[in-house]
Amino acid sequence: MAEKLMLGIPKGSLQEATVALFERAGWRIYANGRSYFPSIDDPEIECMLIRAQEMARYVDKGVLDAGLTGIDWVVESGRNLTSVTSLTYSKQTRTKVRWVLAVPENSPYEKAEDLAGKVIATELVEVTRQYFERKKVPVKVEFSWGATEVKPPTLADAIVEITETGSSLRANRLRILDTVMESETHLIANPRAYQDPWKKQKIDNLALMLNGAIAARGRVGLMMNAPKKDLEQILALLPSLNSPTVSALSESGWVAVNTVLEESVLRDVVPKLKNAGAAGIVEYPLNKIVY
């Protein structure tokens with residue numbers, strides 16, 4: 001019987017971004033309606049959809065060999081798991097998310113210490129308790145089942161809530177007092193599974209390709225022909241990922257230049273390259289950059 005890797009895919013807000021990341025990395029995952037077992041075009045992997053908040057539990061139990069979830073939920077679970085790699089992607093942005101301590105805009109509180117004796121609502125109960133314990137501030141931390149932003153000031157004095165951009169907090173007239181923790185997605189593994197040579201290699205290959213897909217986001221390849229006499233000036237215009245590749249052309253006096261750069265700078269860089277003497281400028285998309 002062929003070996004299989006049991007892999008947890010986060011169900012919910014991160015699911016769509018995760019499936020898209022896997023596609024860029026080379027794996028197609030097909031979620032079928034209400035099924036918790038999406039198919040994947042790799043006979044060596046079996047997927048299961050699990051809420052990010054529960055992923056650490058099932059990886060720890062060995063139901064799953066590996067899974068993707070926020071490091072916040074791993075810390076919250078208190079379980080000793082192997083973090084194979086961090087993967088900085090989320091619903092809306094390419095940056096880490098934050099769990100923040102927030103209060104109503106018109107409240108008198110200015111810092112965590114002002115909340116002594118108050119009620120804090122959050123899904124991240126243990127991390128929040130530890131945060132206030134470190135500050136030696138006695139508070140009552142209550143678990144929130146959702147819609148946490150609407151609870152202050154009637155149902156809680158403050159909240160600890162996750163945010164990417166802060167827009168939801170502002171929309172609910174809340175202001176941030178402090179960052180409780182930063183988080184990003186991690187590929188985690190069951191320590192026993194990660195000691196198995198075949199599973200470790202499979203998990204490490206996943207990590208390599210997923211990181212390659214993340215590294216390529218927002219970047220493009222650019223190649224062009226350049227007169228040798230203008231090469232130094234042209235290279236000075238390129239904010240490249242690494243040193244550009246320069247190779248000789250059959251036509252005397254010309255070279256080919258190949259590089260990788262942020263897509264956002266193209267509109268400014270390409271006209272400058274053209275004016276500096278570059279010709280045959282071609283932009284091409286990147287799926288992965290593997291270091």
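The legends below describe close-up views of a predicted model.

**View 1. The five-stranded open sheet.** The strands of this open sheet follow the order E4-E1-E5-E12-E6, and their pairing is mixed. Strands E4 and E6 (82-87) stand at the edges with a single partner strand each, so one side of each is left without a neighbour in the sheet. From one strand to the next, the twist averages 25°.

**View 2. The pairing of E5 with E12.** Strands E5 and E12 run antiparallel and are joined by five bridges, and within this region Leu68 stands opposite Leu187 of E12.

**View 3. The buried face of helix H2.** Helix H2 spans residues 52-61, and Ala52, Met55, Ala56 and Val59 are buried in it. Seen down the axis of H2, these buried residues fall within an arc of 90°, so they line one face of the helix. They pack against strands E1 (5-11), E4 (45-51), E5 (66-70) and E12 (185-189), and also against helix H3 (71-77). H2 is followed by Gly62, which has a positive phi near 90°.

**View 4. Helices H1 and H7 where they meet.** The axes of H1 (residues 15-25) and H7 (residues 197-216) come within 8 Å and cross at roughly 100°, and the two helices are therefore roughly perpendicular to each other. Leu21, Phe22, Arg24 and Ala25 of H1 meet Leu206, Met209, Leu210, Ala213 and Ile214 of H7; the residues of this contact comprise eight nonpolar, no polar and one charged.

**View 5. Helices H1 and H7 against the strands.** H1 lies across E1, E4 and E5 and runs at about 135° to E1, whereas H7 lies across E1, E4, E5, E6 and E12 and runs at about 15° to E6.

Notes:
Residues numbered from 1 in each chain as written. Predicted model: local features only at pLDDT ≥ 70, side-chain atom pairs only at ≥ 80, totals over all residues. Heavy atoms only, no water. Buried < 20%, exposed > 50% of the residue type's maximum accessible area, 1.4 Å probe, protein only. Helix = DSSP H or I, 4+ residues; strand = E, 2+ residues; numbered from the N terminus. Arc of directions from axis to C-beta. Contact = heavy atoms within 4.5 Å. Axes fitted to C-alpha atoms, helices over the stretch in contact; angles between N-to-C directions. Parallel < 35°, antiparallel > 145°, perpendicular 65-115°, else oblique. Nonpolar A, V, L, I, M, F, W, Y, C, P; charged D, E, K, R; others polar. Pairing = 2+ DSSP bridges.
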